[in-house]
Every structure is written in C-alpha cells, then in structure tokens.
Amino acid sequence: MMMVELTATPSAALPVATLAAHLRLAQGFVDDASQNPALERCLRAACAAIEARIGKALFARRFLLTVLAWQSAATHPLPLAPVREIVSIRMFARDGTAVSVDPSGYRLQPDMHRPLLVASGAQLPQPAQAGSVEVEFAAGFGPAWDDIPVDLQQAVIILAGTYWGQDSDPSQGLPHAVAVLLEPHRPVRLRGGGA
C-alpha cells in the first residue's frame, strides 16, 4: 500500500496570524510579514505531525491510495479520515493499461476513524494478477481553518508554537497539552482477548 497527497493545503488557509498572536510576535511594523514563511513551515509541520498521530486529514485535500489487493473481497479500509468522497478507482494491468471502475460498483461507508470502501454487490472488482488499484479520494474536515474541530486547532497552534521556539525535546514526544487534545480523535484499537 502506498498513499500520496495530490493536493496541498493552500497557504491562505493556514492560521499564520493566529500563530503570530499566540507567540506574541511584534505587530504594526513594516516587516510584519517577514516571519510568515517560517510560521507557515511550523504550521505545516504541526499539521503533518498531528495528522500522522490521529490518522485524520485536517484540511480537505485529495489523496491517491495504491494497493496490490483489497484487504477483503467486499471492503477495504481507507487509511485516513474523514473521507468526503471517493473520486475514482482505476485498475491497472501488469502492462500499465488502466480501466476506470464504474462508481455504481462501490460506495463509501463514512466513519470518523475507519472509513471503508464497500462493494455495492458481492465484491469489489479484483485487480489483475501483478496489477494494482488506485483509489483517489478526498479527505479532511474542510477547506478552511474554522472547519477543523476547535481542540485540534488548539493542538496545532500549541505544537507549531513549540516548533517555532524549538524548545521541545524530541525524545519526550508530543507536549502533554497536545497529547491530551488529540486523545479523543485517536482511533480506538480493540484487541481480542482470551480467558
């Protein structure tokens, strides 16, 4: 399995002014925007770290998932939530020729932790031997900062502020305040137990 981001979060969507206010950076000067590129990098790094930790896309973007086989004949979990739509599915033969899959053959089963690609019939179309499948999908809470839940917004600002000041010790992991804010958004992992 391989997943790549097809679209990036636009710079205008990032809360640079909010981070600058949180850091209490000087305002009202001619060169106020001179630190914006560095603030943007801190925000992008914080968003990426949080997304990796909770398995959710904060800003709405498009992704491409490539698999060699489905996890089961009738369903396949998508590695990121919340999924907004399945854009397309293409099957690739060994020689690289592609065929688009009819959207009536599958549907999205939304879930905030583990969305599924589900067959409309008995099973998903099976890839050819030594072939692959590409699933293009859109995921994220929305295109704007205000679409993201408030606790996740706060976690991004705190973590970006930590990156700005470089006062974190990587061996300590995420700051405690960030970890607490992320906890409700982490996927629940259930283990089967025996007596």
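Residues are classed as buried under 20% relative accessible area, exposed over 50%, and partly exposed in between (1.4 Å probe, protein chains only). Arg-61 is buried, with a relative accessible area of 5%. The model is predicted: local features need pLDDT of at least 70, side-chain atom pairs count only at pLDDT 80 or more, and totals for chains, interfaces and linings use all residues. Residues are numbered from 1 along each chain as its sequence is written, and side-chain values use heavy atoms, with hydrogens and water left out.

Six salt bridges are found in the whole structure, each defined as a side-chain nitrogen of Lys or Arg within 4 Å of a carboxyl oxygen of Asp or Glu. One of them pairs Glu-5 with Arg-61, with closest N and O atoms 3.1 Å apart. Glu-5 lies in strand 1 and Arg-61 in strand 2 (residues 61–67), so the pair ties together parts 56 residues apart in sequence. Strands (E, at least two residues) and helices (H or I, at least four) are DSSP runs, numbered from the N terminus. Glu-5 is partly exposed, at 42% relative accessibility.

Arg-61 also bridges to Glu-51, the closest N and O atoms being 2.8 Å apart. Glu-51 belongs to helix 2, so this pair ties strand 2 to a part ten residues away in sequence. Both Arg-61 and Glu-51 are buried. Shared partners join Glu-5, Glu-51 and Arg-61 into one network.

Arg-44 is partly exposed, with a relative accessible area of 29%.
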